[in-house]
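Here's a quick briefing to read alongside the model. Keep the viewer open and follow along.

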Amino acid sequence: MDTMMDLSARGGQAEQALEKVETELRRLEKLLSRTRSGSAIWEVNQANGQACLVGEEVCGLLKEARHYHDLSGGAFDPTLAAVSDAWGFTKERQRVPSPRELTALLAQSGMDQVQIQEGGILQLEPGVQLDLGGIAKGYAADRAAAIFRRCRVTSGTLSLGGNLWVCGEKEPGVPWRVGIQDPWRVGEMDGYVGTLDLSDAFAVTSGGYQRFFEENGKRYHHILDPKTGMPAESGLLSVTIVSTESGTLCDALSTALFVLGEEQALDLWRELEGAFQAVLVTEDGRVLVTAGLESVFQEAEGSGYQYEMVS
Ligand code: AMP
Ligand code: MG
């Protein structure tokens with residue numbers, strides 16, 4: 001999945017759980033990676049308009065992706081592979097595509113060009129290509145959580161490229177403390193805007209600082225606005241989504257809310273009434289924390305940010 005993974009487990013059959021999770025993550029990589037030849041996603045991306053047997057699991061994940069696409073008014077869009085390639089985000093060399101190029105590529109994207117059929121079959125319109133990079137790691141976190149549960153692990157963590165899951169508590173009575181990255185202080189000690197005290201929860205961050213390149217003094221990051229094909233400029237530097245239920249939800253919505261921007265992001269939070277909580281870091285130096293996190297969020301002292309509780 002082109003990222004680091006970090007796992008820990010204690011209690012129950014912890015060692016077995018760690019092995020099983022590693023095996024499972026490698027299986028998912030072989031299934032969902034679009035750059036790995038022979039994966040189900042690679043196959044369907046090569047199929048050039050033909051129906052392709054990808055299996056029920058991939059179709060199930062695509063259905064979830066469609067759900068978050070529709071919920072977010074299209075801000076989450078898993079069909080931007082070709083657009084992302086034009087920027088070179090999966091390649092060694094990055095570049096800024098021309099507006100004409102982007103318009104042409106956007107014509108070959110969109111969930112209306114994806115057919116999910118019975119029997120684990122997917123059919124894409126010719127030229128359309130899938131990229132599950134915005135949801136696959138969250139799904140992987142869900143699978144890992146299920147394995148931990150089955151192995152009766154009592155305490156543990158999984159970190160997978162900005163996707164975090166914490167199992168149980170750090171110690172009895174002490175929750176896990178999760179830092180939220182300060183987008184301007186990546187790699188610095190204590191470079192956080194704040195922390196969350198969590199147990200049995202997923203926390204997923206999407207941020208423009210996670211992958212980007214610079215050209216002529218301007219930054220171009222990897223989260224694209226499906227309307228323009230350009231890196232989303234919504235006034236947000238990062239979005240962290242927290243849920244006790246679903247890593248898939250956290251992953252898809254952190255990407256979607258980043259594209260939507262503050263106002264629409266908070267509208268969606270209100271609309272979904274407690275399905276998730278969020279921390280937004282804005283370009284103008286504010287940290288917005290939704291009401292459900294009030295008792296578990298701590299501000300980082302002296303961070304220079306202004307903190308607002310949202311209800
Ligand atoms: P994340 O780190 O989960 O926010 O996902 C970002 C990754 O998802 C990118 O590297 C792309 O592979 C893909 N992506 C980019 N823009 C979008 C979007 N608007 N909707 C869904 N996936 C996207
Ligand atoms: Mg995501």
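Two residues are in contact when they have heavy atoms within 4.5 Å of each other. Helices (H or I, at least four residues) and strands (E, at least two) are DSSP runs, numbered from the N terminus. This is a predicted model, where local features need pLDDT of at least 70 and side-chain atom pairs count only at pLDDT 80 or more, while totals for chains, interfaces and linings use all residues. Residues are numbered from 1 along each chain as its sequence is written, and side-chain values use heavy atoms, with hydrogens and water left out.

**The α6/α7 pair**
- On the α6 side, A136, K137, G138, Y139 and D142 touch G247, T248 and D251 of α7.
- Sorted by class, that contact has two nonpolar, three polar and three charged residues; Ala, Val, Leu, Ile, Met, Phe, Trp, Tyr, Cys and Pro count as nonpolar, Asp, Glu, Lys and Arg as charged, and the others, Gly among them, as polar.
- The α6 and α7 axes sit 7 Å apart at an angle of about 165°, with axes being lines fitted to C-alpha atoms, for helices over the stretch in contact, and angles running from 0 to 180 degrees between N-to-C directions.
- That angle makes α6 roughly antiparallel to α7 (the label applies over 145 degrees).

**Helix α3**
- Spanning residues 56-71, α3 has 16 residues and reaches 22 Å from first C-alpha to last, close to the 22 Å expected at 1.5 Å a residue (expected span is 1.5 Å times one less than the number of residues).
- Its buried residues are V58, C59, L61, L62, A65, Y68 and H69, where buried means under 20% relative accessible area, exposed over 50% and partly exposed in between (1.4 Å probe, protein chains only).
- Cover for those α3 residues comes from elements including α1 (14-32), α2 (40-46), β3 (114-117) and β4 (121-124), plus α6 (136-150) and α7 (247-260).
- After α3 comes G73, with a positive phi near 60°.

**Loop residues worth a click**
- G88 is in the loop between α4 (81-87) and α5 (99-107), and is buried at 2% relative accessible area.
- Setting aside neighbours within four places in sequence, G88 contacts R93 and Q94.
- G88 and H222 are 134 residues apart in sequence but 9.5 Å apart in space, C-alpha to C-alpha.
- R152, in the loop between α6 and β5 (155-160), is a non-glycine residue with a positive phi, near 55°, and is exposed at 64% relative accessibility.
- N216, in the loop between β10 (212-215) and β11 (218-221), is a non-glycine residue with a positive phi near 45°, and counts as exposed at 77%.

Terms used
Chains lettered and ligands numbered in written order. Parallel < 35°, antiparallel > 145°, perpendicular 65-115°, else oblique.
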